[in-house]
Amino acid sequence: MTTTPDLDWGDTGDQADATRGLVDKLEPCVVRNAQGRVVWDNDRWDFLHKDECPDTVHPSLWRQSGLNTAQGLFEVVPGIYQVRGLDVSNMTIIEGDTGVVVVDPLMSKEVAAAGLALYRRNRGDRPVHAVVYTHSHGDHFGGVLGVTTTDAVAHGDCAVVAPAEFMDHAVSENIFAGPAMLRRAVYMYGRSLPTGPEGLVGFGIAQSLSTGAVGLIAPTQDITGTGQELVLDGVRLLFQLTPDTEAPAELNFYLPDHRVLLIAENVNHTLHNLLTLRGAQVRDAHAWAAYITESIRLFEDADVLIGSHNWPTWGRERVLRVLTEQRDAYAYLHDQTVRLMNRGLTGPEIAEEIQTFPGELGKAWSVRGYYGSISHNVKAVYQRYMGWYDGNPAHLWQHPPVAQAQRYVAAIGGADATVAKAREAYEAGDLRWAAELLNHVLFAEPDHDGARTLQIATYEKLGFAQENGTWRNIYLTGAKELREAGQPIGTVGAPGAESVDMLAALSTGQIFASMAVRLDGPRAAAHRMLLRWEFTDTDEVWTLLVGNGVLTPMRGDAPGGEAPQLTLRLERTTLNSVLAQRTSFPEAIGSGAVTADGDVTVLATFYGLLEKPTRNFPIVLP
């Protein structure tokens, strides 16, 4: 469990910063979509201000969550505003000569539109002349259609600025591992939990995620290097490119005429993740720290620090302190993990050695582990360098979870005996060991009521004790799924195959690559197929080869002049509609939207080999 050193509970600087500059609020702070469904409700967090911190919530997490509930339009400095508390992220609005520049238009269209309307209610109906995406995560671009339109961008009325390689990374994360990540995100973000002291209270970087319509407009201007400067509607922006930090494509920028540094998600009022618990590629803590050092050197005259999450920091000395604390936190985790790794310790062993930051860093509110934790970040650094295998031969070829559980339970003397041992551990306060023993029982005998009941109590006790909001959510969601007879709860909303806007943003190669990871290899091994796709609106030709249980997409014709069994002629927009389930290939062929030359049954065979991802797979039970 997370330990808490002596924190300065009398320091009210964060409380003052979180509410400073309030211009107006959204009352009630509830946003609905066109069909009337609630996509955001900030008022559900009112209990954080009405009640004292209960025993079911860590006091430090309670404090952080209360700060994150501040909502409305805030003036940072004259001409720069932030909309906060309307989504998981912040939307920054910078006033220009004739309109505004919008930075990070939230996660969904409805909340972005509500935020812009709140701004206009107080500052006038200024047009959006530019949008800046600071990085390639959906909560920083998904609401773009709430602040501008594809026509406005196409006609040059609104520029869209993003870091180099933004489009590749904005969609690639969901192409291959999206379904698995979304299922695990239900746990990480507590999306199925009730809001309240015994459920969801927030996760450090924000309170929750909006659930509206997600879209994407491709950038019209790439930022390709640090030092690049743009003037957008008369506003000067000096950019710093920070790839492979919190996101693979990310940037910071400085507003020299305002002395405001927008630090994206590279610096927050919480420790971030080096490996997010929903799953992702491991981030580079060493590079992350180095880029913060570069920020300090490049923008040393910054008077205000604003970011994509949490609240601003005012005053040059305080800005430098936050930047330094965040830099040193990531550097410490990296360097000390590597030091201990080279002593021979494994990831879990290092996580036991490094449980807090040293000295003054351990007392800094800005690096508390509300979102990322020291424990799982340390393991991430180890994984980045050493991978999954710890070098012990006994761990090279272990039995999978069910087979392993059956053997452990048998060795201990059966399920009832194992539960008895787990109860002893629970009563002694060794909750980690209790959870491990009970997990073995539930994977060996999923219907064992005693193991299920005690595991629910164990997970809840673990969850209530956590300072880390995502750990809390994971334990409590596990308890909830066990209590509800192990029925999977669902997935978290995010860009996916159901969104035509997101499909349109994918390249054709990316779409075919996503099909390749859905191909049922053992079944496909009995087939050899060659399908030619001619897209009449994009002048693209693609050939899909199925052989040896592998789908190989190739731009152009097949090598060696092999003739395709089927040629399809269609617009790329038609393929998008089919994938979004707005139509089907038989319907499109019947309407003439697709012409097919050759053996049409090949198409049905091909699609029959594509496996639909399992979006609600079990986690706490086999």
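## Helices α7 and α16

Helix α7 (residues 178–189) packs on helix α16 (residues 469–483) at an angle of about 105 degrees, and their axes are 6 Å apart. That makes α7 roughly perpendicular to α16; angles of 65 to 115 degrees get that label, under 35 is roughly parallel, over 145 roughly antiparallel, and the rest oblique. The axes are lines fitted to C-alpha atoms, for helices over the stretch in contact, and the angles run from 0 to 180 degrees between N-to-C directions. Helices here are DSSP runs of H or I with at least four residues, strands are E runs of at least two, and both are numbered from the N terminus.

On the α7 side, Arg-183, Val-186, Tyr-187, Met-188 and Tyr-189 meet Thr-470, Asn-473, Ile-474, Thr-477, Gly-478 and Glu-481 of α16. Contact means heavy atoms within 4.5 Å. Sorted by class, the residues of this contact come out as 5 nonpolar, 4 polar and 2 charged. For that sorting, Ala, Val, Leu, Ile, Met, Phe, Trp, Tyr, Cys and Pro are nonpolar, Asp, Glu, Lys and Arg are charged, and the others, Gly among them, are polar.

A note on the source: this is a predicted model, where local features need pLDDT of at least 70 and side-chain atom pairs count only at pLDDT 80 or more, while totals for chains, interfaces and linings use all residues. Residues are numbered from 1 along each chain as its sequence is written, and side-chain values use heavy atoms, with hydrogens and water left out.

## Helices α13 and α14

Next pair: helix α13 (residues 415–427) and helix α14 (residues 431–444) pack at about 165 degrees, with axes 8 Å apart. They are therefore roughly antiparallel to each other.

Which residues of α13 and α14 make the contact? From α13 come Ala-415, Thr-418, Val-419, Lys-421, Ala-422, Ala-425 and Tyr-426, and from α14 come Leu-431, Trp-433, Ala-434, Leu-437, Leu-438 and Val-441. By class, the α13–α14 contact has 11 nonpolar, 1 polar and 1 charged residues.

## An enclosed helix, α20

In helix α20 (residues 572–579), 6 of the 8 residues are buried, so α20 is largely enclosed by the rest of the structure. Buried means under 20% relative accessible area, exposed means over 50%, and partly exposed is in between (1.4 Å probe, protein chains only). The buried residues are Arg-572, Thr-574, Leu-575, Asn-576, Val-578 and Leu-579. After α20 comes Gln-581, with a positive phi near 65 degrees.

## Polar side chains in loops

Ser-89 sits in the loop between β5 (80–84) and β6 (91–95) and is buried, at 1% relative accessible area. A polar atom of the Ser-89 side chain lies 2.6 Å from the backbone oxygen of Asp-139. Leaving out residues up to four places away in sequence, Ser-89 touches Val-83, Leu-106, Met-107, Asp-139, His-140, Ser-308 and His-309.

Asp-284, in the loop between β14 (260–262) and α8 (285–298), is also buried, with a relative accessible area of 16%. The Asp-284 side chain makes a polar contact with the side chain of Arg-384 at 3.4 Å. A polar contact is a pair of N or O atoms within 3.5 Å; within protein, one must be able to donate a hydrogen and the other to accept it, and residues adjacent in sequence count only if both atoms are side-chain atoms. Asp-284 also has a side-chain polar atom 3.1 Å from the backbone nitrogen of His-286.

## Arg-126

Buried, partly exposed or exposed: where does Arg-126 fall? Arg-126 counts as partly exposed, at 24% relative accessibility, and lies in the loop between α4 (109–123) and β8 (128–132). Arg-126 and Thr-56 are 70 residues apart in sequence and 46 Å apart in space, C-alpha to C-alpha.

The peptide bond from Glu-27 to Pro-28 is cis, with omega near -5 degrees. Pro-28 is in the loop between β1 (22–24) and β2 (30–32).

Glu-165 is not a glycine, yet has a positive phi of about 70 degrees; Glu-165 is exposed, at 52% relative accessible area. Ala-264, again not a glycine, has a positive phi of about 55 degrees, but Ala-264 counts as buried at 0% relative accessibility.
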